[in-house]
Amino acid sequence: MSGDWENAYQQSLHCIRCGYCQPTCPTYVISGMEDSVARGRNFIARLCYEKETDISRQYKDMIFECLLCGACKDNCAPAVKTPQIMMATRAEYIKKMGQPQLQRFVFRELLPNPERFSRLMKIASFGKRSGLSGLAQALRVFGWFGKGIATMEGLVKHLPKKFFRERLTELKPRSTGSDIKIGYFVGCGINYAFPDVGLATVELLNKNSYPVEVLNNLCCGLPAAGYGDLEAARNLAKQNIEIMEKSGADIIISECGSCSSYLSEYDHLFNDENLWADRATRFSKKVYDINQFLDQFQTQREFKTSQQIRVSYHDPCHLSHYLKITNEPRQLIKQIDGVVFEELPEANWCCGGAGTYNIAHHDISIKILRRKIENLDRTEASLLLSSCPGCLVQLSYGVRKFNKPVVVKHIVQLLNETISE
Ligand code: SF4
Ligand code: SF4
């Protein structure tokens with residue numbers, strides 16, 4: 001029996017079945033079903049552990065429909081780590097019931113091999129820009145992917161021609177006075193979908209006098225862990241730790257809320273491997289989310305928009321529920337002269353993106369997104385900021401789908417556009 005599974009079981013025993021997680025859980029609020037809330041999910045995990053043979057397909061939806069958003073922890077007196085319990089339960093599920101071949105290939109062959117992954121993303125990007133992917137879809141060329149491929153196609157409007165790592169030469173050299181050696185961790189979403197956000201991050205840090213080394217990191221591992229492939233996640237984590245150690249970076253910065261959060265938790269991944277646990281702890285201590293870093297260490301504090309703009313902010317789950325970073329982004333936005341900040345009702349309510357949840361569980365995801373967009377309407381904002389590429393994809397899709405005249409951006413983009421040099 002794995003240490004992850006044993007730890008998850010012990011954790012699930014802390015649930016006192018009070019039910020206070022119900023109003024905080026997006027999937028429960030939609031379905032009203034006990035198997036869609038932390039209490040029910042923890043009960044299922046416990047049942048699966050105690051009666052090993054019971055972990056079967058009948059529990060699949062209960063186990064995999066959790067968003068892993070972490071909102072339940074906020075209202076939970078014993079602070080039960082339901083997302084971690086769910087990830088370990090998923091790991092146990094795929095161990096017993098098998099993992100889809102394609103998923104295994106992505107997590108174990110593509111993500112650890114950036115050249116191969118990039119080649120595939122180039123094909124996807126070309127297909128998207130040329131319209132060939134739409135044609136292939138119509139002809140059912142990718143029928144073996146299931147209906148998820150059609151959903152994915154609709155979610156992403158553009159894929160860039162050039163990825164972030166191919167655009168580094170566009171960065172203007174700037175004199176940077178600080179001695180702090182920053183290693184910039186490039187998330188997959190930033191590299192392949194939002195290269196402008198990556199460029200804005202590096203520029204913004206440079207304008208604050210910090211030199212930046214772009215790390216040759218791999219995926220942080222969260223997508224694999226989210227589907228229960230903890231072994232693939234650990235392999236990626238080990239390689240990232242080695243890359244960081246070789247770089248000699250004093251701190252590691254990411255502007256992807258999911259990466260920041262998962263990198264900060266690497267130390268929990270190696271409970272069964274002491275040597276790696278120590279290295280992971282040293283690694284995790286160096287991780288800063290960009291909001292946290294700028295809030296504490298920005299040297300440039302003059303920001304001004306060309307005209308007054310009404311702005312709101314959506315909290316990514318991994319920043320708000322996991323890392324508890326909520327004040328920092330708001331402070332950074334409010335310091336900009338010309339911004340009228342309007343608080344988004346239920347700002348820390350998941351947007352329904354949750355990695356690839358919007359593909360795997362599209363119908364539930366849309367119901368969650370609708371609530372977010374209704375709240376956005378109340379702000380009358382013309383610019384919605386967030387701090388995670390997964391949220392940017394989902395929120396951009398939401399404003400398109402529900403025809404809202406709102407621009408969606410990453411917070412670093414607005415800061416970089418308005419900073420005075
Ligand atoms: S709030 Fe926490 S302790 Fe109470 S039922 Fe939910 S998970 Fe269990
Ligand atoms: S992690 Fe989110 S979706 Fe899962 S049980 Fe907790 S609140 Fe509900």
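A79 is partly exposed, with 41% relative accessible area; here, buried means under 20% relative accessible area, exposed over 50%, and partly exposed in between, using a 1.4 Å probe and protein chains only. A79 sits in the loop between helix 5 (71-74) and helix 6, and its phi is near 50°, a positive value in a residue other than glycine. Most residues other than glycine have a negative phi. The helices and strands named here are DSSP runs numbered from the N terminus, with H or I over at least four residues for helices and E over at least two for strands.

Before we go on, a word on the ground rules. This is a predicted model, in which local features need pLDDT of at least 70 and side-chain atom pairs count only at pLDDT 80 or more, while totals for chains, interfaces and linings use all residues. Residues are numbered from 1 along each chain as its sequence is written, chains are lettered from A and ligands numbered from 1 in the order in which they are written, and side-chain values use heavy atoms, with hydrogens and water left out.

Helix 6 covers residues 82-97, and its 16 residues should span 22 Å at 1.5 Å a residue, which agrees with the 22 Å between its end C-alpha atoms; the expected span is 1.5 Å times one less than the number of residues. Helix 6 is mostly covered, as 12 of its 16 residues are buried. Among these buried residues are I85, A88, T89 and E92. After helix 6 comes G98, which has a positive phi near 95°.

What does helix 6 meet in helix 1? Residues I85, A88, T89 and E92 of helix 6 meet D4, W5, A8, Q11 and S12 of helix 1, where contact means heavy atoms within 4.5 Å. The axes of helix 1 and helix 6 come within 9 Å and cross at roughly 135°. Axes are lines fitted to C-alpha atoms, for helices over the stretch in contact, and angles run from 0 to 180 degrees between N-to-C directions. Helix 1 is therefore oblique to helix 6; angles under 35 degrees count as roughly parallel, over 145 as roughly antiparallel, 65 to 115 as roughly perpendicular and the rest as oblique. The crossing of helix 1 past helix 6 is left-handed, a term for a near helix turned anticlockwise from the far one by less than a right angle, with right-handed used if the turn is clockwise.

Helix 1 also packs on helix 3 (residues 38-50), with axes that come within 9 Å and cross at roughly 130°. Helix 1 and helix 3 are therefore oblique to each other, and helix 1 passes helix 3 in a left-handed crossing. On the helix 1 side, W5, E6, Y9 and S12 take part, meeting N42, A45, R46, C48, Y49 and E50 in helix 3. Phi of R17 is near 60°, positive in a residue other than glycine, and R17 is partly exposed at 41% relative accessibility.

Next, the charged pairs. The whole structure holds 21 salt bridges, each a side-chain nitrogen of Lys or Arg within 4 Å of a carboxyl oxygen of Asp or Glu. One of them joins the side chains of D4 and R234, at 2.7 Å from N to O.

The side chains of R310 and E342 form another salt bridge, 3.0 Å from N to O. This pair links distant parts of the chain, with R310 in strand 5 (residues 304-313) and E342 in the loop between strand 6 (337-341) and helix 21 (357-360), 32 residues apart. R310 is partly exposed at 32% relative accessibility, and E342 is partly exposed at 26%. Elsewhere, salt bridges that share partners join E92, K95 and K96 into one network.

Finally, we return to helix 14. Helix 14 packs against helix 17 (residues 274-285) at an angle of about 60°, with the axes 10 Å apart. That makes helix 14 oblique to helix 17, and the crossing is left-handed. K238, N240, I241, E242, M244 and E245 in helix 14 meet W276, R279, A280 and F283 in helix 17.
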